[in-house]
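Here are some notes for a colleague who is opening this structure for the first time. Please read them with the sequence and the model side by side.

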Amino acid sequence: MDKLEELIRAKIPCPETGIEVKHTVCAICSPAYNCGIDAYVKDGKLLKVEGMDEHPRSRGGLCTKGLSNRGYVYREDRILTPLRRVGKRGEGRFQPITWDEAYGEIARKLLAIREKDGADAVAFFGGYNKWYRPWLRRFAHSFGTLNYGTESSTCMTAGWMAWKVAAGQLARPDMAHSDLYLGWAFERYYSGYLNAQAAERAKAAGTKFIIIDPRVTPTVEKLADLHLRPWPGTDGALALCMGNVLIQNGWIDRDFIRDHVHGFEAYAAYAAGFGEHNVERLTGVPYAQVLKACEMIRDARSISSHETSAPIPHHKNGLQNYRAITALLALTGNFDREGGQLPTRHTFTHQISGFETREEEWMDATEPEHQRPAVGEERFPLWFHTEREMQVVDLARQIQEGTPYPVKAVFGMGMNFRMLPEDGYVAKALDKLDFFVNADLFMTDTCKMADLVLPVCSSLERGELETYPGGYAWFTQPAIDRVGESKSDVEILRDLAVRMDLGDEELAAGYEANIDYMLAGVGVTVDQLKQAGAPVKVPGYRPYVPGAKLAQGLDTPSGKFELYSQLIAAHPEWGLDPLPTYCDPLDGADPEKHPFVLCSGGRLPHAIHTRLHKVDWLRSMQPEPTAQLSVEDAQALGLEAGDDMELYTPRGTIVVKAKPSHRVQKGVVFFYHGYSEADVNSLMDKDHVDPYSGFPAYNATRCGMRKKAQP
Ligand SMILES: Nc1nc2c(c(=O)[nH]1)N[C@H]1C(S)=C(S)[C@@H](COP(=O)(O)OP(=O)(O)OC[C@H]3O[C@@H](n4cnc5c(=O)[nH]c(N)nc54)[C@H](O)[C@@H]3O)O[C@H]1N2
Ligand SMILES: Nc1nc2c(c(=O)[nH]1)N[C@H]1C(S)=C(S)[C@@H](COP(=O)(O)OP(=O)(O)OC[C@H]3O[C@@H](n4cnc5c(=O)[nH]c(N)nc54)[C@H](O)[C@@H]3O)O[C@H]1N2
Ligand SMILES: [Mo]
């Protein structure tokens, strides 16, 4: 081998090899992270990735998923050109067409439906990623409808809604300064490694951790000073019991309650129903452990609580359970003080960076008049009240039933019907549409249902604004050549806005002009950010001063932290409770036939929803869809590790591999979602949802399990 070949094989960046290292961003997982990547590039092709040392947030780190970006970007099923369906829906037979043909057809069809059935007959659905959401929302508005909705109809928003009800805005834990952290469903080694690292730093500095998780997780093993193990979906009863114990013992902050809390008496009277006599029966957690947790709360100078995106809200009682958890912070005076829960705002695409952009103003500038109810508005009125967008969980029903009016077309970006409960019903609804477009990187099961499929590029192939906590902003530049004829989501929306003559000059002006508009007041421009080449601290950064919001009064009807919600009380027609009341989390299936609880929350470190099951590297870490069940249940069912077992509900049966584990409670089975061949959402009940938020109850469904009979 000659020297040059050796250098190339070793992927050494230098003039001889022509290999360059370019900074870019990983957008495979949550935009809460968007870790920095050093991309090794030759002739426009990605050779390998490493963590980017200069990145203020990820500081050289990358997780399993991030390290697999090459496999992701060049996945075999990347879509290369716009496609028109020629086979039946779902069959996967398509014919390449030009962008011009695709735009022409979309414009014609959507405008014709708007003309005949009204703008609301078209729904705009954003799945992953979040980067284009302000544009899709504005596009829907400029088209004339509030029927814009996203995957956030099942993720994170319910937690924010709980905070909006209680405190009028979002709040986040000031973990670094907390004496005690309530790690409610806190398992970030699998779902968010930077947060796990922050927890380790806090632990080393003396923070105590109570972890509340049905499973024995790495977090429990590494961080927990106390582990409470409720059954899935019973956190509300547990939190109410803790509230009651704190009140009965006087371990509360009376001054804070007097000055800043609304509804204490009503809350205390309700919480009194949860105590030594029933907490273990309701939650599985012995009273002695509840008492121990309350003693730790009594002894802590400051307390904050995990901001849960999924496991607490993914229950039919999810929002109420989360409200019951947030109440503990109000009772102990840990809202808006150092080391407690701090009021906060989003900067841009759900990031919290400590400076204010004009994103919200921009994306809602063309909001149409509210005439017909948005999809899901009647069924989930609190959702619509706080979010002003459709609740996508109700979309399939409205398409199928045509009430209160028919939805005839869906324009999707990264839409994935498999994320929704009883997804066979969702697929049938898509099949009924007059017109369905989906834009994605890959030929997914959902794209196969579409009439037109548009190829989009990855974060490595586009430039975009990133914002990060601590006041950082970055404008990335494309690091590699685009795969095929793919375009960025925002380019597609701009092109279409022009083609459809939506009369929206801002949309027509394009991404960079729009970002400059949003950044006015932040003290930087797109050009300056581009020149910087890496994240920079912006002049408009203002770190939050704890106590500032309380001094002003909260944005709730009473101006206080509401344990009793005046917003909900003012709307008796919603049929919701102003107090954080508790109900059993399970569905109505026959418990004799379905004696187990199926929990399909809990992340795998090497998977993210459906996105990575087809990336070989990652798939090799656990090639088969595998469910975790308790050792006791496995023995009773005659199951050993690696056996085929059936999981079933009244909706269907899937076959998975069994993994008996001491980490799981008897009676509960954990299985990860997103597999086409063992699709847990096909087992779910589309109506087993939270009436407050609309969130599906993915984490507590009655099911049966048995060993699969050998043929
Ligand atoms: N049973 C069960 N179901 C669940 C959950 C659960 O815990 N259990 N979790 C829920 C939660 S929390 C969430 S967030 C949802 C996730 O739901 P989704 O985000 O809808 O899930 P994905 O399967 O990742 O589908 C996203 C699609 O977006 C595509 N995509 C990626 N980047 C881009 C981009 O830049 N542009 C475009 N146009 N497309 C892109 C991907 O290729 C993929 O096909 O699932 C929910 N469903
Ligand atoms: N590797 C990887 N990372 C991800 C994702 C992924 O799919 N894979 N998804 C991303 C997305 S979109 C999201 S929303 C987040 C979600 O990430 P997290 O919020 O961390 O959610 P999970 O990992 O589902 O659950 C965390 C823990 O909650 C426990 N749990 C489940 N049900 C309950 C319950 O009812 N009560 C209590 N107290 N605990 C419960 C589980 O046992 C688990 O250990 O992760 C993000 N990061
Ligand atoms: Mo999520």
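1. Arg258 is exposed, with a relative accessible area of 54%, and in this predicted model Arg258 forms a salt bridge with Asp255, the closest N and O atoms being 3.3 Å apart. Asp255, at 47% relative accessibility, counts as partly exposed. Both residues belong to helix H10 (residues 254-260), where they stand 3 residues apart, about one turn of the helix. An α-helix has 3.6 residues a turn, so residues three or four places apart point the same way.

2. A search of the whole structure finds 47 salt bridges, and one of them pairs Asp77 with Lys614, with 3.8 Å between the closest N and O atoms. This pair links distant parts of the chain, 537 residues apart: Asp77 sits in the loop between helix H2 (69-73) and strand E4 (83-85), while Lys614 sits in the loop between strand E22 (596-599) and helix H25 (616-619). Asp77 counts as buried because its relative accessibility is 15%, which is under 20%, whereas Lys614 is partly exposed, with a relative accessible area of 48%.

3. Which residue meets the side chain of Asp495 in a salt bridge? The partner is Lys487, at 3.7 Å from N to O, and Asp495 itself is buried, with a relative accessible area of 17%. Elsewhere, salt bridges that share partners join Arg379, Asp394, Arg397, Glu401, Lys686 and Asp687 into one network.

4. Asp495 is also one of the buried residues of helix H19 (residues 489-499), and the others are Asp489, Val490, Ile492, Leu493, Leu496 and Ala497. The cover over these buried residues includes helix H3 (99-117), helix H4 (133-143), strand E15 (409-413) and strand E17 (452-455), together with helix H20 (505-509) and helix H21 (511-519). After H19 comes Asp501, whose phi is positive, near 55°.

5. Thr207 deserves a look of its own, in the loop between helix H7 (193-204) and strand E10 (208-212). Is Thr207 buried or exposed? At 5% relative accessibility, Thr207 counts as buried, and a polar atom of its side chain lies 2.8 Å from the backbone oxygen of Ser178. Not counting residues up to four places away in sequence, Thr207 touches Met175, Ser178, Asp179, Leu180, Tyr181, Ala202 and Asp225.

6. The largest nonpolar core has 105 residues, of which Trp184, Leu382 and Phe561 touch the most other members. Leaving aside neighbours within four places in sequence, the contacts of Phe561 are Trp163, Ala166, Ala167, His260, Val261, His262, Thr326, Ala330, Phe335 and Leu554. A second, separate core of 79 residues includes Val49, Leu452, Leu465 and Val524.

7. The last point concerns the second largest pocket, which has a volume of about 940 Å³. This pocket is lined by 39 residues, and the closest to its centre are Lys164, His346, Glu360, Met363 and Glu387. The elements that give two or more residues to the lining are H4, strand E7 (148-150), helix H5 (157-167), helix H15 (359-363) and helix H16 (381-387).

Definitions and conventions:
Residues are numbered from 1 along each chain as its sequence is written. Chains are lettered from A and ligands numbered from 1 in the order in which they are written. This is a predicted model: local features need pLDDT of at least 70, side-chain atom pairs count only at pLDDT 80 or more; totals for chains, interfaces and linings use all residues. Side-chain values use heavy atoms; hydrogens and water are left out. Buried means under 20% relative accessible area, exposed over 50%, partly exposed in between (1.4 Å probe, protein chains only). Helices (H or I, at least four residues) and strands (E, at least two) are DSSP runs, numbered from the N terminus. Contact means heavy atoms within 4.5 Å. A salt bridge is a side-chain nitrogen of Lys or Arg within 4 Å of a carboxyl oxygen of Asp or Glu. A polar contact is a pair of N or O atoms within 3.5 Å; within protein, one must be able to donate a hydrogen and the other to accept it, and residues adjacent in sequence count only if both atoms are side-chain atoms. A nonpolar core is a set of buried Ala, Val, Leu, Ile, Met, Phe, Trp, Tyr and Cys residues joined through side-chain atoms within 4.5 Å. On a 1 Å grid over the protein atoms alone, a cavity is a set of points where a 1.4 Å probe fits but cannot get out, and a pocket is an open set with protein on both sides within 12 Å along at least five of seven lines; lining residues have an atom within 4 Å of a point. Grid points are joined across faces, edges and corners, and a volume is the space filled by probe spheres set on the points.
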